[in-house]
Amino acid sequence: MRNSYRNDRLFHRLTLVCAVVVAGMFVGIIWSLTAGAWPAIRAFGLPFLWTEAWNPVTEKFGALAPIYGTLVTSAIAMLFAVPIGIGIAIFLTELCPRPLRRPIGIAVELLAGIPSIIYGIWGLFVLAPVLQQSVIPQLIATFEDIPVLSSLFAGPPYGIGMFTAALILSIMTIPFISAITRDVFETVPPVLKEAAYALGSTNWEVLWNVVLPYARTGVAGGIMLALGRALGETMAVTFVIGNAHRISTSLFAPGTTISAAIANEFTEAVGDLYLPALVELGLLLFFVTFIVLAGAQFMLHRLELRAGNRS
């Protein structure tokens with residue numbers, strides 16, 4: 001009994017140390033980023049958040065264009081990736097013939113292991129020319145007479161831009177969504193699905209009324225994990241977004257993201273404010289990612305509470 005009590009106390013202290021280390025790393029990252037960005041914070045203040053200008057020569061910097069590019073590309077990527085990823089998970093767990101489930105599942109998961117720079121090179125030399133020659137001109141011609149959409153799908157077909165970056169991000173995040181969603185779907189008790197089928201439900205009704213409600217917390221968690229990956233992706237986006245510090249209403253226009261701007265300009269940042277401005281961009285990305293993940297945790301907690309109240 002005494003040895004068991006001693007082991008429990010040792011285990012408690014080890015886990016406490018691990019938790020303190022993680023918290024210390026979190027505080028240390030915030031402190032180091034804030035210290036590095038302090039000259040820019042002191043020079044530009046809050047207007048840094050809504051200023052579009054980015055001129056290293058005059059040392060006038062603003063984060064609006066990178067913030068805009070980060071949010072827009074991530075949102076469009078999720079618009080494509082979420083339905084496709086969930087659809088893949090549904091097919092693998094409910095509709096796919098059993099001998100094909102494992103090979104297809106492994107093939108999808110292998111996409112998550114491809115380095116991001118490979119995605120960037122493929123996007124620049126393969127995807128961008130295809131979009132420039134075929135897809136983008138067709139979209140421009142289709143929406144040119146429709147209000148609002150004509151401005152979103154307008155401009156010369158560069159091939160590189162925010163739309164291309166969003167497509168690359170969607171391809172990169174689909175394996176995360178599909179893998180997590182598939183694992184969550186497989187935890188649904190078979191008795192629930194069998195009972196629904198016994199009552200005469202179709203495959204769609206079982207999926208919509210049984211599987212998705214049971215697994216919605218895990219599905220939402222997978223989506224948020226993929227969103228966090230999309231917000232912080234660097235190399236793949238840097239290759240295909242065009243790296244232009246400006247805001248355009250057209251999705252086909254070149255733009256930039258926070259991570260792409262840091263990767264492109266960090267090695268050449270000279271001057272009193274250039275490097276601190278880039279570090280402040282990193283601090284902003286840190287807080288944006290933290291807010292997204294914290295919001296995801298809050299949403300998951302609310303879903304769990306709502307599910308408990310219904311039961």
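Is Trp54 buried or exposed? With a relative accessibility of 11%, Trp54 counts as buried (under 20% relative accessible area is buried, over 50% exposed, and in between partly exposed, using a 1.4 Å probe and protein chains only). This is a predicted model, in which local features need pLDDT of at least 70 and side-chain atom pairs count only at pLDDT 80 or more, while totals for chains, interfaces and linings use all residues. Residues are numbered from 1 along each chain as its sequence is written, and side-chain values use heavy atoms, leaving out hydrogens and water.

Let us stay with Trp54 and look at its partner. Phe61 is buried as well, at 3% relative accessible area. The ring centres of Trp54 and Phe61 are 4.8 Å apart and their planes meet at 65 degrees, so this pair is edge-to-face (rings of Phe, Tyr and Trp, the last by its six-membered ring, pair if their centres lie within 6.5 Å; planes under 30 degrees apart are stacked, over 60 edge-to-face, the rest tilted).

The structure holds 12 aromatic pairs. One of them joins Phe26 and Phe286, tilted at 40 degrees with 5.5 Å between centres. Phe26 is partly exposed, at 34% relative accessibility.

Now for charged side chains. There are 2 salt bridges (a side-chain nitrogen of Lys or Arg within 4 Å of a carboxyl oxygen of Asp or Glu). Lys193 pairs with Glu94, with the closest N and O atoms 3.1 Å apart, and Lys193 is buried at 16% relative accessibility. Arg229 and Glu233 form a salt bridge at 3.2 Å between the closest N and O atoms. Here Arg229 is partly exposed at 25%, whereas Glu233 is buried at 7%.
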